[in-house]
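Take a look at the fold before going on to the notes.

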Amino acid sequence: MQFVDVGREKVMRVNATLVVNSKGGSGKTTITTNLASYFATQDIPTTVMDYDPQGSSLHWLRARTCPGARIYGANAAPQRGGRIRSVEMHVPADTQQLIIDAPAGVSGLLLQEMLNRADRIIIPVAPSAIDIHATANFIRDLLLVGRIRARNIQLAVVANRVRSSMPVYQPLERFLNSLGLPFLTRISDSDAYVKAAEAGIGIFEMDPSAAAAECAQFMPIIEWVGSQRDPAASGDGKVIDLASRRWTERTPGLSSIGFRS
Ligand SMILES: Nc1ncnc2c1ncn2[C@@H]1O[C@H](COP(=O)(O)OP(=O)(O)OP(=O)(O)O)[C@@H](O)[C@H]1O
Ligand SMILES: [Mg+2]
């Protein structure tokens with residue numbers, strides 16, 4: 001949650017988290033829905049905004065029958081025939097946490113529109129060399145977009161569907177370290193996510209004995225999203241001042257994963 005100055009008053013402002021990776025199937029919807037369901041369990045007014053024409057997050061939302069705080073859905077997917085999106089994109093005024101689910105392969109104006117809304121970005125990445133390479137290139141392209149620097153948007157990466165000890169992530173971790181970007185956590189490949197998705201819930205709404213390990217792994221994401229935007233504070237005490245970095249510089253971390261030049 002953030003506050004903005006309006007005249008003499010401080011007004012609560014929505015905290016907007018964009019979950020994005022141009023690579024398909026990396027876990028964007030899974031992170032989005034589980035984040036939203038956690039905030040719902042805390043009675044925090046939450047809206048999920050789905051930019052994906054497949055509407056997976058909104059489909060999950062429609063499957064929700066559990067009691068408790070409601071999660072609002074906003075459909076931001078480009079409409080056929082250029083239909084106006086503004087009504088379906090409405091975010092209720094009391095929203096404190098806005099989670100934005102991006103479609104695969106997003107770029108150009110749609111990506112810019114999402115960045116305009118975002119205070120922070122989570123990039124889930126699956127543990128394959130192809131996914132890691134594609135994600136590194138996506139991060140580079142993202143950092144070259146002026147809005148990230150101008151608006152000081154924070155960015156962090158999450159490893160998703162980790163099966164065992166995965167040395168395949170080491171090059172990615174080196175790459176992120178070289179940019180000073182946090183690697184928040186490793187989410188295991190678990191049936192709990194599949195079952196939760198089918199039932200329209202999140203792992204935090206499951207029986208604790210069924211998803212204790214998953215909840216513990218997911219917690220660093222929640223802490224990071226819930227942390228202050230102030231550069232002095234974050235979930236792990238590490239917030240990246242993107243504006244202060246020179247992103248076009250090549251670093252040793254980039255070449256170690258065959259970064260596109
Ligand atoms: N940690 C996990 N453990 C088990 N299954 C997972 C996990 N994360 C994602 N999945 C499953 O993998 C599939 C793809 O995940 P998800 O839909 O979240 O990816 P996505 O990035 O949103 O995909 P798309 O690019 O198509 O929008 C889904 O069936 C989902 O249930
Ligand atoms: Mg998705």
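Two residues are in contact if their C-beta atoms, placed from the backbone, lie within 7 Å. In this chain, among contacts between residues at least 6 apart in sequence, 77% join residues at least 24 apart. This is a predicted model, in which local features need pLDDT of at least 70 and side-chain atom pairs count only at pLDDT 80 or more, while totals for chains, interfaces and linings use all residues. Residues are numbered from 1 along each chain as its sequence is written, with chains lettered from A and ligands numbered from 1 in the order in which they are written.

**Overall make-up**

- The chain holds nine helices and nine strands; helices (H or I, at least four residues) and strands (E, at least two) are DSSP runs, numbered from the N terminus.
- Of its 261 residues, 39% count as buried, where buried is 20 or more other C-beta atoms within 10 Å of a residue's own, exposed is 12 or fewer, and partly exposed is in between, with C-beta atoms placed from the backbone.

**The sheet**

- Seven strands make up an open sheet with parallel pairing, in the order E5-E4-E6-E3-E7-E8-E9; two strands pair if DSSP finds at least two bridges between them.
- Strand E5 (71–75) and strand E9 (183–188) are the edges, each pairing on one side only.
- On average, neighbouring strands of this sheet are turned by 20° against each other, direction ignored; the axes are lines fitted to C-alpha atoms, and angles run from 0 to 180 degrees between N-to-C directions.
- Strand E3 (residues 15–19) pairs in the parallel sense with strand E6 (residues 97–101) over five bridges, and Asn15 stands opposite Gln97 there.
- E3 also pairs in the parallel sense with E7, over three bridges, with Ile121 as the bridge partner of Leu18.
- E7 and E8 run parallel and are joined by six bridges; Val125 stands opposite Ala159.

- Why is E7 largely enclosed by the rest of the structure? Six of the six residues of this strand (residues 120–125) are buried, so the rest of the structure largely encloses it.
- Arg120, Ile122 and Pro124 point one way from E7, while Ile121, Ile123 and Val125 point the other way.
- The largest nonpolar core has 61 residues, and Leu18, Ile100, Met114 and Ile221 have the most contacts inside it; such a core is a set of buried Ala, Val, Leu, Ile, Met, Phe, Trp, Tyr and Cys residues joined through C-beta atoms within 7 Å.
- H1 gives the most to this core, with six residues.
- Leaving aside neighbours within four places in sequence, the contacts of Ile221 include Ile31, Leu35, Ile122 and Val158.

**Around ligand 1**

- Ligand 1 is surrounded by 19 residues, the closest being Gly24, Lys28, Thr29, Thr30 and Ala104; a residue is near a molecule if its C-beta atom, placed from the backbone, lies within 6 Å of it.
- Helix H1 (28–41), strand E8 (154–162) and helix H7 (191–199) each supply at least two residues of this shell.

**Two backbone angles to check**

- Asp43 is not a glycine, yet has a positive phi of about 60°; Asp43 lies in the loop between H1 and strand E4 (46–50) and is exposed, with 9 other C-beta atoms within 10 Å.
- Arg161, in strand E8, also has a positive phi, near 65°, but counts as buried with 21 C-beta neighbours inside 10 Å.
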